[in-house]
Amino acid sequence: MGDTGIAWADKVWNPIVGCTPAGEGCRNCYAKRLHDQRHKAYHEGKRIPEQYRKPFETVQLLPERLDDPARWRKPQLVFVNSVSDLFHPDVKLDWLIRIFSVMARCERHTYVILTKRSTAMARLGCRWGTKRWRNVYLGVSICTQADADAAVPELRKLRDAGWKTVVSCEPLLESVDLGGFRPTWFVLGCESGANRRPCKLCWIEMLVTCNGYPKTFVKQLDLDGKCVTDPAKFPSNVRFRERLELLGLGVDVRGGEVK
Ligand code: SF4
């Protein structure tokens, strides 16, 4: 449960499902495509989990998943909400409190939250502070310059409040300038899947070099019109596969649990 093919994470944890678009990066949303197929199958009478009765656009809390991190004994790098957006306006404050309480309680894990709603995340992150969540990275998905212009001031607020920040430029859809903002960690990549849009290598190179080489993970590149995931095939100047540090409490430097 929770295992993932996402190269930079150990687990995904999806206590919330469902979302609506928040920019160009959402046009080919993988989560929507998958949910729509299953929603259709559910209404054709197939044996599909109950969450698919509702359309993707209905944001739902799945309370039975809240305790998943408590069941993972070994420290994990957890991607929170890979099929939704934790800061969607339909996510209730009570749900956020329950999810953040789990992250504070299951402190052996390290959590990465990525949102396209940076203003809502910064408001909450600055109000709650980092004290109970030193094992949490707060990140924003940035696909276009408009995304960057909106998100960077919010990321600066979070950084100034002590949060470790992530910028995920995937899918990167145009050349983006972060105005010198240096996140704790960078994820970069072209779009994948059907209908993917092109991503120039120079856009990736610019982001890495202009932002002073923060810890970086290049997930996939558009090379000769193909989406390439094998880092051995990446040009050496963008062959970065640096994973996030495990920040969870009770974790030794080798990532094992302290007895
Ligand atoms: S924010 Fe994420 S989950 Fe929501 S529609 Fe956009 S890509 Fe899909």
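This is a predicted model: local features need pLDDT of at least 70, side-chain atom pairs count only at pLDDT 80 or more; totals for chains, interfaces and linings use all residues.

Trainee: Why does L114 count as buried?

Mentor: The test is a count of neighbours: a residue is buried if 20 or more other C-beta atoms lie within 10 Å of its own. L114 has 22 C-beta neighbours inside 10 Å and therefore counts as buried.

Trainee: How should I read the pairing of β5 with other strands?

Mentor: In general, the strands of a sheet pair through backbone hydrogen bonds, and they do so either parallel or antiparallel. Here, strand β4 (residues 77-80) pairs with β5 in the parallel sense over 4 bridges, and F79 has V112 as its bridge partner in β5. Strand β5 (residues 110-115) also pairs with β6 in the parallel sense, over 5 bridges. In that pairing, I113 stands opposite L138 of β6.

Trainee: What does the chain make of β4, β5 and the helix α3?

Mentor: β4, helix α3 (residues 93-105) and β5 make a right-handed β-α-β unit. A right-handed β-α-β unit is also made by β5, helix α4 (residues 118-128) and β6. From β6 the chain then crosses through helix α5 (residues 145-160) to β7, and this β-α-β crossover is right-handed.

Trainee: How many residues of β6 are buried?

Mentor: In strand β6 (residues 136-141), 6 of 6 residues are buried, so the strand is described as mostly covered. V136, L138 and V140 point one way from β6, and Y137, G139 and S141 point the other way; all are buried.

Trainee: Which residue of β7 is the bridge partner of L138?

Mentor: The partner of L138 in β7 is T165. The two strands, β6 and β7, pair in the parallel sense over 5 bridges. Strand β7 (residues 164-169) pairs in turn with strand β8 (residues 185-189), in the parallel sense and over 4 bridges. There, C169 stands opposite L188 in β8.

Trainee: In what sense do the strands run beyond β8, parallel or antiparallel?

Mentor: Each pair must be read separately. β8 and β9 run parallel and are joined by 5 bridges, with W185 opposite K215 in β9. β9 and β10, by contrast, run antiparallel and are joined by 3 bridges; L223 has K226 as its bridge partner in β10. The hairpin of β9 and β10 has 2 residues between the strands, and D224 takes a positive phi near 50° in that hairpin. As for covering, 7 of the 9 residues of strand β9 (residues 215-223) are buried.

Trainee: In what order do the 8 strands of the open sheet lie?

Mentor: The order is β1-β4-β5-β6-β7-β8-β9-β10, and the pairing is mixed. The edge strands, each pairing on one side only, are β1 (11-13) and β10 (226-228). From one strand to the next, the twist averages 20°.

Trainee: How many helices and strands does the protein have?

Mentor: The secondary structure comes to 6 helices and 10 strands. The radius of gyration is 18 Å, close to the 18 Å that the globule rule gives for 259 residues, so the protein is as compact as a globular protein of that length. Along the principal axes, the C-alpha atoms fill a box of roughly 50 × 45 × 35 Å. Of the 259 residues, 37% count as buried.

Key
Residues are numbered from 1 along each chain as its sequence is written. Two strands pair if DSSP finds at least two bridges between them. Axes are lines fitted to C-alpha atoms, for helices over the stretch in contact, and angles run from 0 to 180 degrees between N-to-C directions. A residue is buried if 20 or more other C-beta atoms lie within 10 Å of its own, exposed if 12 or fewer, and partly exposed in between; C-beta atoms are placed from the backbone. A crossover is right-handed if, with the strands pointing away from the viewer, the path from the first strand over the helix to the second runs clockwise. The radius of gyration is taken over C-alpha atoms; the globule rule is 2.2 Å times the number of residues to the power 0.38.
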